Amino acid sequence: MKHTLRDFGCVQNKIPLLCDNEGAIKLADNLVNHSRTKHIDIHHHFLRDHQSKGDIAIQHVRTEFQLADIFTKPLDVSRFCALRRELNIVDSHNVA
Amino acid sequence: MMGELIYFLRFQIKQLKAGTFISQTKYTTDMLKKFDMDKAKPVKTPMPTIGHLDLDGDGKAIDQKVYRSMIGSLIYLCVYRPDIMLSVCMCARFQANPKECHLMAIKRIFWYLVFTPNLGLWYPKGSTFTVHGYFDLDYAGCRVKQKSTSGTCQFLCRSLVS
């Protein structure tokens, strides 16, 4: 996506990638202390490479504002509707 | 001469001053009629909060053709309805050997669509082009193989793009 945007003439460094797990963020920031995390796959290293290059910046977001929740777990009505609104999914009667 | 784009590949497109709205209302209602679900009782969410499905080896087997055609229709709807993505993809994993409980899960999605046939994606007009992404993981959430579910969404300014 970054490359596509660059083709259109929009350059953005450090694209924020918001994650609600602080442990995962610390792991991405910190290159040492991984005797317990040897099983981590190659795509995590891919993320870490990009972070060290400055392409992305992994940041923390509170679980309430984690919009990707709707794609990973079943939610109750109020939370589901709130996230749906945040994703800009609206009723056609509300736009006009 | 070409007019303004309003209907394309079963997407309904509304172009307004404040932004663009894309929905699949007609496709949704046609699909509900096709599967005889248009009179069903509406529900507010596409799946219950304890909605993870399992293989259900002892359950009664059902017609694979119908199940697969339902999945196929729903996957096309997912393009502009990311709210049903999770539930549709979960049902799609059991296509090889669908049982009655999986059919019930699919029906629940249809009941949700009866409740919300008019939803679509709204792309507000904006001037900045900043990307930000969200990433989330449901660790070992799958009841069949204990696999994790990951979900991502990327926003360009305030609009969902992937």
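Analyst: Helix axes are lines fitted to C-alpha atoms over the stretch in contact, and angles run from 0 to 180 degrees between N-to-C directions. Two residues are in contact if their C-beta atoms, placed from the backbone, lie within 7 Å. This is a predicted model, in which local features need pLDDT of at least 70, side-chain atom pairs count only at pLDDT 80 or more, and totals for chains, interfaces and linings use all residues. Residues are numbered from 1 along each chain as its sequence is written, while chains are lettered from A and ligands numbered from 1 in the order in which they are written.

User: In what order do the elements of chain A run from the N terminus on?
Analyst: Helices (H or I, at least four residues) and strands (E, at least two) are DSSP runs, numbered from the N terminus. Chain A has four helices and three strands. From the N terminus on, the elements of chain A run α-β-α-α-β-α-β.

User: In what order do the elements of chain B run from the N terminus on?
Analyst: Chain B holds four helices and seven strands. From the N terminus on, its elements run β-β-β-α-α-α-α-β-β-β-β.

User: What percentage of the 162 residues in chain B do buried residues make up?
Analyst: A residue is buried if 20 or more other C-beta atoms lie within 10 Å of its own, exposed if 12 or fewer, and partly exposed in between. Of the 96 residues of chain A, 21% count as buried. In chain B, with its 162 residues, the buried share is 27%.

User: Among contacts in chain B between residues at least 6 apart in sequence, what percentage join residues at least 24 apart?
Analyst: For chain A, 57% of the contacts between residues at least 6 apart in sequence join residues at least 24 apart. For such contacts in chain B, the share joining residues at least 24 apart is 65%.

User: Which strands are the edge strands, each pairing on one side only?
Analyst: Two strands pair if DSSP finds at least two bridges between them. Five strands, in the order 3(A)-4(B)-3(B)-2(B)-1(B), form an open sheet with antiparallel pairing. Each edge strand pairs on one side only, and the two are strand 3 (89-91) of chain A and strand 1 (7-8) of chain B.

User: Which residue stands opposite Gln15(B) in strand 3 of chain B?
Analyst: Strand 2 (residues 11-15) and strand 3 (residues 19-23) of chain B run antiparallel and are joined by four bridges. These two strands of chain B form a hairpin with three residues between them. Within the pair, Ile13(B) faces Ile22(B). The residue opposite Gln15(B) is Thr20(B).

User: In strand 4 of chain B, which residue is the bridge partner of Gly19(B)?
Analyst: Strand 3 of chain B also runs antiparallel to strand 4 (residues 119-124) of chain B, to which five bridges join it. In strand 4 of chain B, Gly19(B) has as its bridge partner Pro124(B).

User: In strand 5 of chain B, which residue is the bridge partner of Leu18(A)?
Analyst: Strand 1 (residues 15-19) of chain A runs parallel to strand 2 (residues 56-60) of chain A, with five bridges between them. There, Cys19(A) is bridged to His60(A). Strand 1 of chain A also pairs in the parallel sense, over three bridges, with strand 5 (residues 131-138) of chain B. In that strand of chain B, the partner of Leu18(A) is Tyr134(B).

User: Which residues in helix 3 of chain B are buried?
Analyst: The cover over the buried residues of helix 3 of chain B includes helix 2 (64-77) and helix 4 (100-115) of chain B. In helix 3 (residues 85-92), the buried residues are Leu86(B), Ser87(B), Val88(B), Met90(B) and Cys91(B).

User: Are helix 3 and helix 4 of chain B roughly parallel or roughly antiparallel to each other?
Analyst: The two helices pack with their axes 10 Å apart, at an angle of about 155°. Angles under 35 degrees count as roughly parallel, over 145 as roughly antiparallel, 65 to 115 as roughly perpendicular and the rest as oblique. Helix 3 and helix 4 of chain B are therefore roughly antiparallel.

User: Is the crossing of helix 3 of chain B and helix 4 of chain B left-handed or right-handed?
Analyst: A crossing is left-handed if the near helix is turned anticlockwise from the far one by less than a right angle, and right-handed if clockwise. The crossing of helix 3 and helix 4 of chain B is left-handed.

User: Is Asn88(A) exposed or partly exposed?
Analyst: Asn88(A) lies in the loop between helix 4 (77-86) and strand 3 of chain A. Although Asn88(A) is not a glycine, its phi is positive, at about 70°. Because 18 C-beta neighbours lie inside 10 Å, Asn88(A) counts as partly exposed.
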